[in-house]
Amino acid sequence: MTRVKRKYIPDLKEFMALCASNYAKLARLTMLTELALNQSFSIPIEGQPNLLITLKQKSKHTATYELKQESHHFSLKRQYLVRMYHDAKVAEVLTGLNQGMLPPVFAYPNDEMKQPDEKIQLNRFLAEWLNFCLEFGQSHSLNTTQLVFFE
């Protein structure tokens, strides 16, 4: 008996719900700041490297942020490019873990050992990371005097 491998088909409802949740979380982190292009602010997270948020692109309907966490430990280094679509109220990971733009689905098998659902996995991780920042960072009680801005 031969096994037929089924083609991966993304669950669009799950993906859109995840992106809507990520939009709400990222909006909470960025709502108190009116950043200029390439301006950053840092959110202190106790016991962890701070989260640095930089506005990379802004238009009437979208905003693209770079979320970066630097650490001496490789496992704690994170860098995502996330686009917020204000009209649809969704946010999705454009790039993650220092990669190029993410396709919706990776062909499998592939030379880079990517999983077919890599994009939704990175968006799930973003959701967990934003939850962590909101819970353990000082973001839920931030006022503009607590933020550290960079040019």
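There are two salt bridges in this structure, which is a predicted model. Before the details, one general point: side chains of opposite charge can pair when their charged atoms come close.

Take Glu-14 and Arg-124. They form a salt bridge, with the closest N and O atoms 2.6 Å apart. Glu-14 is in helix H1, which covers residues 12-30, and Arg-124 is in helix H2, residues 118-136, so this pair ties together parts that are 110 residues apart in sequence. Are these two residues buried, or partly exposed? Glu-14 has a relative accessibility of 32%, so it counts as partly exposed. Arg-124, at 33%, is also partly exposed.

The other salt bridge joins Lys-119 to Glu-92, and here the closest N and O atoms are 3.1 Å apart. This pair too links distant parts of the chain: Lys-119 belongs to helix H2, Glu-92 to strand S5, residues 90-96, and 27 residues separate them. Lys-119 has a relative accessible area of 11%, which makes it buried. Glu-92 is buried as well, at 16%. The cut-off for buried is under 20%, and both residues fall within it because their values are 11% and 16%.

Next, the rings. The model has three aromatic pairs. In one of them, the ring centres of Tyr-80 and Trp-129 are 5.7 Å apart and the planes meet at 80°, so this pair is edge-to-face. Tyr-80 sits in strand S4, residues 78-85, while Trp-129 sits in helix H2, so the pair ties together parts 49 residues apart in sequence. Tyr-80 and Trp-129 are both buried.

Now compare Phe-132 and Phe-136. Their ring centres are 4.9 Å apart with the planes at 45°, so that pair is tilted. Both residues lie in helix H2, four residues apart, and that is about one turn of the helix. Phe-132 is partly exposed, at 28% relative accessibility, and Phe-136 is partly exposed too, at 44%.

Which residues do ring pairs link into a cluster? They are Tyr-80, Phe-125 and Trp-129.

On to the core. The largest nonpolar core has 24 residues, and those touching the most other members are Leu-26, Leu-29, Leu-51, Ile-53, Tyr-65, Leu-67 and Leu-126. Where does this core draw its residues from? At least two come from each of H1, strand S1 (40-43), strand S2 (51-58), strand S3 (62-69), S4, S5 and H2. The largest share, six residues, is supplied by H2.

Leaving aside residues up to four places away in sequence, Leu-26 touches Tyr-65, Leu-67, Val-82, Met-84 and Leu-130. There is also another core, apart from the largest one, with six residues, including Leu-18, Val-90, Ile-120 and Ala-127.

Helix H2 has come up several times, and its length can be checked. H2 has 19 residues, and at 1.5 Å a residue it should span 27 Å; the C-alpha atoms at its ends are 27 Å apart, which agrees. The buried residues of H2 are Glu-118, Lys-119, Ile-120, Leu-122, Asn-123, Leu-126, Ala-127, Trp-129, Leu-130, Cys-133 and Leu-134.

Gln-69 is found in strand S3. With a relative accessibility of 1%, Gln-69 counts as buried. What does its side chain reach? The side chain of Gln-69 reaches the backbone oxygen of Pro-49, at 2.9 Å.

Lys-77 is in the loop between S3 and S4. Lys-77 has a relative accessible area of 39%, so it is partly exposed. Not counting residues up to four places away in sequence, Lys-77 touches Gln-69, Glu-70 and Ser-71. Pro-49 turns up here again: Lys-77 and Pro-49 are 28 residues apart in sequence, and their C-alpha atoms are 8.8 Å apart in space.

That is what I have. Questions are welcome.

Note on methods. Residues numbered from 1 in each chain as written. Predicted model: local features only at pLDDT ≥ 70, side-chain atom pairs only at ≥ 80, totals over all residues. Heavy atoms only, no water. Salt bridge = Lys/Arg side-chain N within 4 Å of Asp/Glu carboxyl O. Buried < 20%, exposed > 50% of the residue type's maximum accessible area, 1.4 Å probe, protein only. Phe/Tyr/Trp six-rings, centres within 6.5 Å; stacked < 30°, edge-to-face > 60°. Core = buried A, V, L, I, M, F, W, Y, C linked by side-chain atoms within 4.5 Å. Contact = heavy atoms within 4.5 Å. Polar contact = N/O pair within 3.5 Å; in protein donor to acceptor, adjacent residues only side chain to side chain. Expected span 1.5 Å × (residues − 1).
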